[in-house]
Amino acid sequence: MAAILLIFLLMLSFPSMNAGSPPSPGYWPSTKFRPMSFHYAFKSLWGFSHQSVDQNALTIWLDRTSGSGFKSDRPFRSGYFGASIKVHPGYTAGVITAFYLSNSEVHPGFHDEVDIEFLGTTFGKPYTLQTNVYIRGSGDGEIIGREMKFHLWFDPTQDFHHYAIFWSPKEIIFLVDDVPIRRYQRKSDATFPLRPMWLYGSIWDASSWATEDGKYKADYNYQPFVAKFTGFKAGGCSAYSSPRCRPVSASPHRSGRLTMQQYKAMKWVQRYHLVYDYCKDPKRNHALTPECWN
């Protein structure tokens with residue numbers, strides 16, 4: 001009986017990789033935006049000696065001396081933000097490769113953030129793709145995370161795949177290769193980011209929590225840890241746009257509402273590859289996350 005229970009728990013922890021690929025979403029929002037040159041749209045933020053650009057492909061790396069990060073030139077108040085990313089293989093525990101929106105530099109200690117994060121792993125275990133939303137976070141250990149985590153249906157170390165955040169005044173949609181994997185709705189102003197944010201990317205050491213809640217740390221015997229970005233795309237309403245600027249759409253509908261085919265693909269991903277949902281975590285205080293109530 002104990003052996004059967006163990007097998008069941010493992011099946012929950014590691015969704016079947018035999019489920020194949022997700023159903024076609026029927027719409028590919030990434031094709032609606034032109035790739036941008038890194039130097040045209042971004043600037044290096046830190047770890048300058050740990051970056052290189054070759055034909056619009058950016059490589060950043062982490063070693064025991066430093067990680068690296070970059071930032072968009074413009075802030076946005078809505079839009080589509082994507083990049084094709086390839087992460088480091090092998091032992092990467094404690095290492096995070098991130099692509100995200102934030103206004104932490106303008107609102108330190110009280111910022112908003114929307115994250116796509118690759119949580120490093122140990123040999124033989126898959127990367128975890130973490131999506132997260134912060135609203136007016138304190139930045140001092142009291143941030144309320146809204147994490148949903150996935151094990152992807154492919155190996156993100158083998159090739160480039162396109163990861164994107166769609167942010168409108170109504171909702172946030174996370175996409176992988178144009179497949180929606182998560183939809184976060186604006187149910188109240190208090191639980192939705194409404195202030196302009198910049199687009200960032202980085203690689204850094206988060207050994208205290210990144211891999212199995214900090215059980216496994218970064219091991220610099222395996223350095224450098226390398227992440228590659230290309231195919232940068234960002235379109236929408238910048239903070240400097242006219243108030244009449246119309247938010248872009250992640251679907252054929254001008255309203256941005258997902259189609260039934262897109263919903264079907266998202267439900268497939270969440271059925272087979274979702275490994276954590278903060279709304280279903282009994283250890284969380286859901287009085288702090290009222291968006292989970294309905």
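Residues are numbered from 1 along each chain as its sequence is written. In this predicted model local features need pLDDT of at least 70 and side-chain atom pairs pLDDT 80 or more, while totals for chains, interfaces and linings use all residues, and side-chain values use heavy atoms, without hydrogens and water.

Me: Which residues does UniProt list for "active site"?
Reply: The UniProt entry is unreviewed. Such annotations may be inferred rather than shown by experiment.

Me: Is E117 buried or exposed?
Reply: Buried means under 20% relative accessible area, exposed over 50%, and partly exposed in between, with a 1.4 Å probe and protein chains only. E117 has a relative accessible area of 6%, so E117 is buried.

Me: Which side chain is joined to that of E113 by a polar contact?
Reply: A polar contact is a pair of N or O atoms within 3.5 Å; within protein, one must be able to donate a hydrogen and the other to accept it, and residues adjacent in sequence count only if both atoms are side-chain atoms. E113 is buried, at 12%. At 2.9 Å, the partner of E113 is H111.

Me: Which strand gives the most to the lining of the largest pocket?
Reply: Strands are DSSP runs (E, at least two residues), numbered from the N terminus. E113 and E117 are both in β7. With 5 residues in the lining, the strand that gives the most is β7.

Methods:
Helix = DSSP H or I, 4+ residues; strand = E, 2+ residues; numbered from the N terminus.
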